[in-house]
Amino acid sequence: MHYENIYIEEENQVAVITIDRPKKLNALNSATIRELHEAFKELDETPEIKVIIITGSGEKAFVAGADISEFAHFNVEQGKTLAAEGQELLFSFVAQLSTPVIAAINGFALGGGLELAMACHFRVASENAKMGLPEVSLGVIPGYGGTQRLPQLVGKGIAMEMIMTAGMIDAQKALQNGLVNYVVPQEELVPLCQKLAAKILNNSSVAISYAIKAVNAGYINNGYAVEIDAFGSCFGTEDFKEGTQAFLEKRKAKFPGA
Ligand code: COA
């Protein structure tokens with residue numbers, strides 16, 4: 001299959017997916033989300049592929065979020081659909097994939113970018129990586145599972161602080177908080193993921209797929225559905241209109257609070 005926004009390299013039973021929109025800091029537009037769905041599905045159905053690594057192209061960004069220019073004019077229903085379809089096609093899909101998926105976070109992982117990294121089974125970051133959920137600075141909330149997966153990984157208090165302040169944390173802080181498992185210089189990022197993949201390859205892929213299922217089962221809740229509804233509701237607010245317009249006009253938002 002030919003992809004426009006991603007590319008895939010395969011070697012020794014490991015596939016590396018690279019999101020390739022560097023001029024837009026690899027922001028996830030709907031075409032990229034669809035391509036990622038196809039790529040994960042195809043690789044998961046390829047018996048020779050035992051581990052998948054996902055990273056971003058360039059040295060600046062893993063993924064700087066969902067593509068704000070695509071949804072700034074959406075209404076409540078479109079907002080809900082955006083979150084629901086994104087979760088189904090990509091975020092829940094990756095979390096539930098039977099092939100292990102490692103996120104190699106090579107720079108900014110913001111909003112949908114951090115949500116994608118959190119949907120992966122575990123994460124490794126480069127020293128320059130910065131992570132955050134900046135959605136409330138745009139008048140919206142994380143809608144791709146972020147309100148659920150961030151507290152699962154770092155605990156409720158730190159997740160609440162990160163979501164409410166819309167701030168970014170650096171790689172060392174992410175390591176300290178359990179958001180990533182290792183931090184390495186950028187040139188060692190994918191090689192370390194390859195080494196971890198090699199360790200996984202020694203083990204039973206069938207047992208690993210059952211383990212993924214069992215670990216995920218401990219986190220089944222209706223929080224994702226509540227998140228989709230709340231995400232959609234934000235699209236009916238004046239704050240959302242101001243927040244997204246301000247980003248696109250490259251100015252600071254003045255939220256009316258309504
Ligand atoms: N959606 C759409 N476009 C995005 C984007 C996003 N999430 N993130 C970055 N871009 C685009 C910028 O608009 C810019 O495009 P342009 O060159 O056509 O103007 C390009 O990517 C480069 O980004 P820029 O902001 O100029 O880089 P920077 O180094 O000054 O800042 C960030 C980097 C990551 C801090 C900044 O891009 C940012 O805050 N991005 C949005 C993060 C966000 O809110 N994500 C959550 C979305 S729900």
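This is a predicted model: local features need pLDDT of at least 70, side-chain atom pairs count only at pLDDT 80 or more; totals for chains, interfaces and linings use all residues.
Strands of a sheet pair through backbone hydrogen bonds, in either a parallel or an antiparallel sense. Both senses occur here. β1 and β2 run antiparallel and are joined by six bridges. Within this pair, E11 stands opposite V14 in β2. The two strands form a hairpin with two residues between them, and N12 in the turn has a positive phi of about 50 degrees. By contrast, strand β5 (residues 101–105) pairs in the parallel sense with strand β7 (residues 122–126), over four bridges. In this pair A103 stands opposite R123 in β7.

## Four-stranded sheet

A further open sheet has four strands in the order β4-β6-β8-β9, again with mixed pairing. β4 (61–63) and β9 (168–170) are the edge strands; each has a single partner strand, so one side of each is left without a neighbour in the sheet. From one strand to the next, the twist averages 20 degrees.

The pairing of β4 with strand β6, residues 108–110, is parallel and consists of two bridges. A61 stands opposite F108 in β6. Helix α4 (residues 112–119) packs on this sheet and touches β4, β6 and β8 (130–132). The direction of α4 makes about 90 degrees with that of β6.

## Ligand surroundings

There are 18 residues around the ligand, of which K24, K60, A66, I68 and K250 come nearest. By class, the shell divides into 10 nonpolar, two polar and six charged residues.

For K24, a polar side-chain atom lies 2.6 Å from a ligand oxygen atom. For K60, an N or O atom in the side chain is 2.6 Å from an oxygen atom of the ligand. A64 contributes through its backbone: one of its polar backbone atoms is 3.0 Å from a nitrogen atom of the ligand. Taken alone, the ligand exposes 850 Å², and the protein buries 69% of that area.

Technical notes: Residues are numbered from 1 along each chain as its sequence is written. Side-chain values use heavy atoms; hydrogens and water are left out. Two strands pair if DSSP finds at least two bridges between them. A residue is near a molecule or strand if one of its heavy atoms lies within 4 Å of it. A polar contact is a pair of N or O atoms within 3.5 Å; within protein, one must be able to donate a hydrogen and the other to accept it, and residues adjacent in sequence count only if both atoms are side-chain atoms. Accessible areas come from the Shrake-Rupley method with a 1.4 Å probe; for residues, only the protein chains shown count as cover. Ala, Val, Leu, Ile, Met, Phe, Trp, Tyr, Cys and Pro count as nonpolar, Asp, Glu, Lys and Arg as charged, and the others, Gly among them, as polar. Axes are lines fitted to C-alpha atoms, for helices over the stretch in contact, and angles run from 0 to 180 degrees between N-to-C directions. Contact means heavy atoms within 4.5 Å.
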